[in-house]
Amino acid sequence: MRLIGVRDVSKDFANGVRALEGTSLDIEAGEFLSVLGPSGCGKSTLLRLIAGLAQPTAGTIDWPSGKPDLGFVFQEPTLMPWTTALANVALPLKLAGVARSQREARAAEALGHVGLAGFERSYPRELSGGMKMRVSIARALVTEPKLLLMDEPFAALDEITRRRLNTDLLDLWQRTRFTAVFVTHSVFESVFLSQRIAVMSARPGRVLSELAIPAAYPRTEAFGTSAEYAALCRLASAQLSEALAA
Ligand code: ADP
């Protein structure tokens with residue numbers, strides 16, 4: 001079932017920058033899709049248009065089965081520094097008017113899902129970069145959205161932390177089966193995570209090609225070191241080079 005239809009979407013900014021030009025993309029309910037492209041090609045812009053945080057200049061974004069609740073994870077964890085991990089995660093529930101005891105229980109559960117049980121009372125300054133990003137993911141998932149939009153969430157993390165978070169994100173996705181749209185400029189990350197990769201051209205960006213990643217889940221460390229993974233990375237890399245040359 002198709003969840004999102006991006007149709008011939010262009011986006012011009014007030015300063016004259018054309019970020020996207022006539023791009024189209026279909027996204028299936030429940031899939032894990034990565035949007036791969038160089039910095040500045042309009043990936044964030046596309047994600048923000050899908051989220052409804054901005055409007056296209058031309059074209060449409062269709063929701064054939066209705067627009068679901070969505071969660072958004074930014075590159076920076078953007079936590080409130082003056083309060084606890086629990087209160088940070090509970091914020092969307094508070095804004096939705098959920099009663100205190102219920103929102104604290106649900107926030108604690110969401111922290112548990114991202115591997116942070118026991119850190120409910122910690123303040124952001126007491127947490128590592130990876131843990132802060134986990135809090136941010138828990139906050140995006142606490143309302144149990146059907147769609148999770150992620151904008152290079154792990155780009156600022158070290159390689160080892162990033163790998164852990166990639167694996168844990170996939171575990172979470174396999175358990176919950178939200179639709180995942182993951183923006184990245186990393187070929188390796190996109191191949192490791194996704195069922196499908198949409199490859200974007202340089203600015204003004206548009207989706208130039210798509211690549212299916214047929215490997216089974218769960219994707220373990222063994223997958224990350226396999227010949228299959230290396231071959232798929234080469235393919236994705238070649239498509240990215242073609243997109244840049246186009
Ligand atoms: P990416 O996520 O692929 O790095 P972005 O979508 O952030 O790319 O940006 C695409 C282009 O649009 C860039 O040249 C960026 O400078 C420009 N841009 C993004 N947001 C704005 C804005 N609000 N106003 C003007 N230009 C913008």
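This is a predicted model: local features need pLDDT of at least 70, side-chain atom pairs count only at pLDDT 80 or more; totals for chains, interfaces and linings use all residues.
A polar side-chain atom of K43 lies 2.9 Å from a ligand oxygen atom, and for R203 the corresponding distance is 3.1 Å. On its own the ligand has 560 Å² of accessible area, of which the protein covers 63%.

In total, 13 residues surround the ligand, with G40, G42, K43, S44 and T45 the closest. Helix α1, residues 43-51, supplies three residues, the largest share of this shell. Sorted by class, the shell has five nonpolar, six polar and two charged residues.

I turn now to the aromatic rings. Across the whole structure, a search finds eight aromatic pairs. One of them joins F32 and F182, which are tilted at 40° between the planes, with 6.2 Å from centre to centre. F32 belongs to strand β3 and F182 to strand β7, so this pair links parts of the chain 150 residues apart. F32 counts as buried because its relative accessibility is 0%, and F182 likewise counts as buried at 0%.

F182 also forms a tilted pair with F154, at 5.9 Å and 55°. Since F154 lies in the loop between β6 and α5, this pair ties together parts that are 28 residues apart in sequence. F154, too, is buried, at 0% relative accessible area.

Ring pairs link F32, F154, W173, F182 and Y217 into a cluster. Two arginines accompany these rings: R177 lies over the face of W173, 4.1 Å from the ring centre, and R219 lies over the face of Y217, at 4.0 Å. Thank you for your attention.

Definitions and conventions: Residues are numbered from 1 along each chain as its sequence is written. Side-chain values use heavy atoms; hydrogens and water are left out. A residue is near a molecule or strand if one of its heavy atoms lies within 4 Å of it. A polar contact is a pair of N or O atoms within 3.5 Å; within protein, one must be able to donate a hydrogen and the other to accept it, and residues adjacent in sequence count only if both atoms are side-chain atoms. Accessible areas come from the Shrake-Rupley method with a 1.4 Å probe; for residues, only the protein chains shown count as cover. Helices (H or I, at least four residues) and strands (E, at least two) are DSSP runs, numbered from the N terminus. Ala, Val, Leu, Ile, Met, Phe, Trp, Tyr, Cys and Pro count as nonpolar, Asp, Glu, Lys and Arg as charged, and the others, Gly among them, as polar. Rings of Phe, Tyr and Trp (its six-membered ring) pair if their centres lie within 6.5 Å; planes under 30 degrees apart count as stacked, over 60 as edge-to-face and the rest as tilted. Buried means under 20% relative accessible area, exposed over 50%, partly exposed in between (1.4 Å probe, protein chains only). A charge sits over a ring if NZ of Lys or CZ of Arg is within 6 Å of the ring centre and within 35 degrees of the ring normal.
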